[in-house]
Amino acid sequence: MGTSLDSRSAQATEVIERLHDAYPDTTISLTFSNRLELLVAVVLSAQCTDERVNETTPELFETYQTPEDYAAADEEQLAEDIYGITFHNNKAGYLKGIGEILVEEHDGEVPDTMDALTALPGVGRKTANVVLQHGHDVVEGIVVDTHVQRLTRRLGLTEEERPDAIEDDLMEIIPEDEWQAFTHLMISHGRAVCTARNPDCGDCALEDVCPSSKLDSDVDLASGEAWE
Ligand code: SF4
């Protein structure tokens, strides 16, 4: 029987507590060893799996070690070096542009503000939030990716649809010291149990507080439509 708690914040607290128990070690799954590698990996991960990015980056990071390396890169060669990543041609352009701006405007460093990061090509608020959190220990918001988007709607934590609006909604009900962990909890649960097409509600730690539970709801609140 899935019924959400009385208030959205009570629901959020309960969900966070249970998922911390289920996924005690959850964190970012991209591989990187410095801020530039983090930034590059997150840009590459847009609409691509972290696994695919992690397969590609070891060789890439050997070849391109500094912002100058990206700035000086031949774009076609760079696109070839990230072949296999979704939208590799566009992303090669982003990486070269990022290298150029880091060299010209930031002394070759990855900036530590939302404004400076989102001014880089291929970097939106989600990417900037990840870089701030994992590269600079600055938590300015909640990263809303496709798992966070789907699960927060399923769990009745938001009715918003756009990532920016979802983020604002979540920031009102989730304690700030959980903003970073929250994303990783959602991603872990979204991958392991609450998948897009075939969530395993019968084996879900949140089933009794989930208003979308297939065990007694006809509707997937993520889409607003009937479960298939
Ligand atoms: S797996 Fe089912 S019960 Fe669990 S959070 Fe997803 S929709 Fe809700």
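Let's start with the overall layout: the chain splits into domain 1, made of residues 8–26 together with 143–226, and domain 2, which spans 35–136. Keep in mind as you look around that this is a predicted model. Between the C-alpha centres of domain 1 and domain 2 there are 29 Å. Where the two domains touch, domain 1 contributes six residues and domain 2 contributes five residues. On the domain 1 side of that contact, you will find three nonpolar residues, one polar residue and two charged residues.

According to an unreviewed UniProt entry, residues 44–192 carry the label "domain: HhH-GPD". Within residues 44–192, the chain is 65% helix and 0% strand.

Helix H11 runs over residues 179–192, 14 residues in all. From first C-alpha to last it reaches 21 Å, close to the 20 Å expected at 1.5 Å a residue. Which residues of H11 are buried? They are Gln 180, Phe 182, Thr 183, His 184, Leu 185, Met 186, Ile 187, His 189 and Gly 190.

Finally, move on to the ligand. Around the ligand there are 15 residues, and those that come nearest are Cys 194, Pro 199, Cys 201, Cys 204 and Cys 210. Sorted by class, the shell around the ligand holds eight nonpolar, three polar and four charged residues.

Notes: Residues are numbered from 1 along each chain as its sequence is written. This is a predicted model: local features need pLDDT of at least 70, side-chain atom pairs count only at pLDDT 80 or more; totals for chains, interfaces and linings use all residues. UniProt positions are given in the numbering used here, feature names are shortened, and annotations may be inferred rather than shown by experiment. Helices (H or I, at least four residues) and strands (E, at least two) are DSSP runs, numbered from the N terminus. Domain bounds come from an automatic or database domain assignment. Two residues are in contact if their C-beta atoms, placed from the backbone, lie within 7 Å. Ala, Val, Leu, Ile, Met, Phe, Trp, Tyr, Cys and Pro count as nonpolar, Asp, Glu, Lys and Arg as charged, and the others, Gly among them, as polar. A residue is near a molecule or strand if its C-beta atom, placed from the backbone, lies within 6 Å of it. The expected span of a helix is 1.5 Å times one less than its number of residues. A residue is buried if 20 or more other C-beta atoms lie within 10 Å of its own, exposed if 12 or fewer, and partly exposed in between; C-beta atoms are placed from the backbone.
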